[in-house]
Amino acid sequence: SRAKAFPAMELALGTVQFGLAYGVAGRGAPVPSGEVRAILARARALGVRWLDTAPAYGDIEERLTDLIGDHHEFSVVSKIPAAPAQLAPGAAAHWVTDTLNRSRDRLGHALTAILFHRAEDLLDPQGIERWQAASAFASAHGLDLGVSCYGPGSLTEVTTRFPVTLAQLPGNALDQRLCHTPPADMSQMAIHVRSAFLQGLLLMPESDACARVPAAAAVLERWHAWCRDHESPPLEAALGLVKALPGATHCVVGVDSLAQLEAIVAAWNEAPAIVAPELACDDVAVIDPRNWPSAD
């Protein structure tokens, strides 16, 4: 069924493809700098105002402001990388502050929010020390502070300990965990949903997608049959299903080309919010790409 009363979400642009070869349906190499400049300029013209980046995405964080240029202002979310193992007591805070200073130096006033890239770094014995250091930095620079998680359950664990104001979670036609396990205090935080296309799996030809992730074959057959039955192109359907996820404020998408950006923004503007719980899958072998077979 199609829903009509969901709050408006914003489209945000991820930058991982600009720094790394990423996604099962990607081009197999980072997007060239010239094309990135064109994508960013066009995204701005189309109304996109948020970018998502991270030091872990190759060298894109350090190149981003140059690629944006002087005429395009964005709000940028970046991340604190996974913490090094076996830091000495007291060293965790210094490491967090040093990392954030580097991100601030690279991104300047465009930096709007910071996330811990690895939720587990807030749940181990040094988690409080790391959070306190990041919180002091965020307060000093007027930044939102939060965490990137692989599911709403781990976000709930974090929010019972720390006052998260922004969180990033996966969500898509198959991964609808936000619908039945929403994290506590969602009204107090922005939710940026990533993986709308499940690394491109939902947009690939069905036979190719099933060959890439055999465990997903039955679920993908159901997905493509649903799109056919509802006469809905997979791109538009995938975005419509994200629009209906409860509490979500932004949808973070990545692109490999200017044409792909144009297609996604056009579909986003056309897609109604769609509620289709019959498509949901809780099997982490399907919805968590960390569990997929390695690519040849």
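**Before selecting anything**

The structure is a predicted model, in which local features need a pLDDT of at least 70 and side-chain atom pairs count only at pLDDT 80 or more, while totals for chains, interfaces and linings use all residues. Residues are numbered from 1 along each chain as its sequence is written, and side-chain values use heavy atoms, with hydrogens and water left out.

**The whole chain**

Begin with the chain in cartoon view, where twelve helices and eight strands can be picked out; helices (H or I, at least four residues) and strands (E, at least two) are DSSP runs, numbered from the N terminus. The radius of gyration is 19 Å, close to the 19 Å that the globule rule gives for 296 residues, so the chain is as compact as a globular protein of that length. That radius is taken over C-alpha atoms, and the rule is 2.2 Å times the number of residues to the power 0.38. Along the principal axes, the C-alpha atoms fill a box of roughly 55 × 45 × 40 Å.

Colouring by accessibility comes next: buried residues make up 48% of the 296 residues, where buried means under 20% relative accessible area, exposed over 50%, and partly exposed in between (1.4 Å probe, protein chains only). Of the contacts (heavy atoms within 4.5 Å) with a separation of 6 or more, 73% are between residues 24 or more positions apart.

**Helix α6**

Select residues 152-159, which form helix α6, and show the side chains of its buried residues P152, L155, V158 and T159. Seen down the axis of α6, these buried residues fall within an arc of 110°, so they line one face of the helix; the arc is that of the directions from the helix axis to the C-beta atoms. An α-helix has 3.6 residues a turn, so residues three or four places apart point the same way.

**Two residues with positive phi**

Move on to L198, in the loop between β7 and α8 (206-212). Although L198 is not a glycine, its phi is positive, at about 50°, and L198 is buried, with a relative accessible area of 0%.

Then select E231, in the loop between α9 (217-229) and α10 (234-243). E231 also is not a glycine and has a positive phi of about 50°, but E231 counts as exposed, at 73% relative accessibility.

**V286 in helix α12**

Select V286, which lies in helix α12 (residues 284-287) and is buried, with a relative accessible area of 1%. Leaving aside residues up to four places away in sequence, V286 touches L174, L198, A215, A216, C281 and W292, a list that includes the L198 visited above. Drawing a C-alpha to C-alpha distance from V286 to A217 gives 9.1 Å, for two residues that are 69 apart in sequence.

A distance drawn from L258 to F116, 142 residues apart along the chain, shows their C-alpha atoms separated by 30 Å.
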